[in-house]
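Please read it alongside the structure.

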Amino acid sequence: MEENENRPFRIAKLAGKGCCLVATRDIAPLEIILSDRAAVVAPNHESQPVCLGCLQIVDGSYVCPLCGYPMCSLECSMCSVHTQECTVLRGVQHDGEGLNYKIVAVIRLLNLRDSSGHPWNQIDELMDHEEERRQDVSEWKMFQKDVVDIIKQQKDVEDDLIHHLIGLLSINCVGVCFKKEKKEGRALYPLLSIVCHSCVANARYAVNPDDFSVVLRARRAILEGEEITINYIPPIYGVPKRKLEIANEWYFDC
């Protein structure tokens, strides 16, 4: 991340947590702490048909004429992010369980890596929890078959790199769902991904459905030196479910 003397936080390392954000001054309630642009926006692993360009839910009546994935319009099928991935997606064989959306975000992150530069450098420092993910043998084999092997048919890349990308996405993506706009999927934010979880978080984020940019605001007064935190799981789900989800998805105990 580029240095900005006006930002009200610094990136710090805390024992047992790794990187996090710490307030460098008092932050007022509802004050904007940061804004971030999505480095990757893509469908969820398991998804109803959505446009690969804008994530709008679609009925499947229009598809990309080259790869066959559902789109909302010709314009979206010609957007730059899709034209970069379309060649690989042409080689995807869909089974009776539906479209293979698992591969889309990984291809997009791989393309971002190949373009190099600031966003990838920051994302590459995020946690992928490879050791923990390997313990789930069935899931690891599923990603090998549905993502790694398919990408390797089109690109000269190592298995370890693709699994690293899968881990970065699985651990750090934010789910997005906009009922009014009928859009759903997930997004990866280089800076927001550093913010750690707390069940009594002092900040909350909001995603713009038009461009998927995100703004993080203080929920209450945050004092200088205090860690800035968000809820990974909404409190409405209750403590037992939150603890289980956090352990299964992010590999730590809360």
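1. Trp-140, Phe-143, Gln-144, Val-147, Val-148, Ile-151 and Lys-152 of helix α6 are in contact (heavy atoms within 4.5 Å) with Asp-159, Ile-162, His-163 and Ile-166 of helix α7. By class, seven of the residues in this contact are nonpolar, two polar and two charged. Here Ala, Val, Leu, Ile, Met, Phe, Trp, Tyr, Cys and Pro count as nonpolar, Asp, Glu, Lys and Arg as charged, and the others, Gly among them, as polar.

2. The model is predicted: local features need pLDDT of at least 70, side-chain atom pairs count only at pLDDT 80 or more, and totals for chains, interfaces and linings use all residues. Residues are numbered from 1 along each chain as its sequence is written, and side-chain values use heavy atoms, with hydrogens and water left out.

3. Helices α6 (residues 137–154) and α7 (residues 159–172) pack at an angle of about 120°, and their axes are 10 Å apart. The two helices are therefore oblique to each other, since angles under 35 degrees count as roughly parallel, over 145 as roughly antiparallel, 65 to 115 as roughly perpendicular and the rest as oblique. Angles run from 0 to 180 degrees between N-to-C directions. Helices (H or I, at least four residues) and strands (E, at least two) are DSSP runs, numbered from the N terminus.

4. An open sheet is formed by three strands in the order β4-β6-β5, with antiparallel pairing. Two strands pair if DSSP finds at least two bridges between them. At the edges lie β4 (40–42) and β5 (174–178), each of which pairs on one side only. From one strand to the next, the twist averages 25°.

5. Strands β4 and β6 (residues 183–188) run antiparallel and are joined by three bridges; Ala-42 has Arg-186 in β6 as its bridge partner. Helix α7 packs on this sheet and touches β4, β5 and β6, its direction making about 115° with that of β6. Helix α3 (residues 102–115) lies across β4 and β6 and runs at about 160° to β4.

6. Which way do the side chains of strand β10 (residues 227–230) point? Glu-227 and Thr-229 point one way, Ile-228 and Ile-230 the other, and all are buried (under 20% relative accessible area, 1.4 Å probe, protein chains only). In a regular strand, side chains alternate between the two faces of the sheet.

7. Strand β10 is joined by two bridges to β2 (residues 18–23), the two running antiparallel, and Leu-21 stands opposite Ile-228. Two bridges also join β10 to β7 (residues 196–197), here in parallel, with His-197 opposite Ile-230.

Key: Buried means under 20% relative accessible area, exposed over 50%, partly exposed in between (1.4 Å probe, protein chains only).
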